[in-house]
Amino acid sequence: MSNPPDASKPAPATDLDPAGRVESWALTEQWLAKGALGADARIVSWNGQSHATVSDGSKDMTLSVNTLIVDSAAGWWRVRTTVTPDGRLSGWPSVERLGLAVADDRGDTGMWKDTLGQLTASDMLDTTVRKWADAFMGSDSDMLTVLVNDPDPNAWYRAQGLGKVTAATIDGGAYLDKGNVDRNERRSDRAALRVTVTVAHADAGDGSAAQSQYSYDLLVADPDGTPRILAWGAPGTGATLREHGNRAPGARPAHDASSDTSASAGTGGAAK
């Protein structure tokens, strides 16, 4: 006789809206409005909740201790707001300054694991990357779709309409262990690239041209022959990108906002 099966146990549920969350956000906003953390303070996120039990000598009360992240002219802060069961503040919020790196302080985190060998970019590969950057950052969705050369005739790719590319540099590359592989030469017909793109765009302040940098990992076919950009993603994802994984969903709308030439006003439009 077999043993009876164990009784099924319900999976633990996550409470995404626990009691005290909304109250803590509203009460913290009211407190910030009085200048507690400097000008222009705003809550960026609610980052969870713990509980504390207190007693007034006659009865116990469970308080919710809510953690919120706040950005202000005075810096970034971790704010903890304690809320009573009836939705009032217990004391005042406590704060801790967050020491965050500045945007220009980038770390050298290397490239990708389990690649075959390093790739030296050819002039043709440099040209292909620049054409992709011009189309992707500019306003030409048609050109971007042509460059990707997706075998699906209905596929299309959306340009970002951010401005004119002034530089697109390959910071590193490696042959991937996929596609047609030559293990003796430690090469294949699939490669990952790390690319930095510099874009000039209209500054919202005084109308002058400003520049911003963006980083992407690219998945490239035939890097040593006639290269084709197959996919792109955030730094670090190059070895796991899925071919043609950047297709825009559905049919292309009659008016694609990325093709509006006003998106690049003041910068000369997207480079061709």
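Me: What do the buried residues of α3 pack against?
Reply: They pack against α2 (123–137) and β11 (228–233), where contact means heavy atoms within 4.5 Å. Helices here are DSSP runs (H or I, at least four residues), strands too (E, at least two), numbered from the N terminus. By the way, this is a predicted model: local features need pLDDT of at least 70, side-chain atom pairs count only at pLDDT 80 or more, and totals for chains, interfaces and linings use all residues. Residues are numbered from 1 along each chain as its sequence is written, and side-chain values use heavy atoms, with hydrogens and water left out.

Me: Which residues of α3 are buried, and what puts them on the same side?
Reply: In α3 (residues 141–148) they're S141, L144, T145 and V148. They cover an arc of only 100° around the axis, so they sit on the same side of α3; the arc is that of the directions from the helix axis to the C-beta atoms.

Me: Why is T84 called buried?
Reply: Buried means under 20% relative accessible area (exposed is over 50%, partly exposed in between; 1.4 Å probe, protein chains only). T84 has 11% relative accessibility, so T84 counts as buried.

Me: What makes T84 and D86 a polar contact?
Reply: A polar contact is a pair of N or O atoms within 3.5 Å; within protein, one must be able to donate a hydrogen and the other to accept it, and residues adjacent in sequence count only if both atoms are side-chain atoms. The side chains of T84 and D86 are joined at 2.3 Å.
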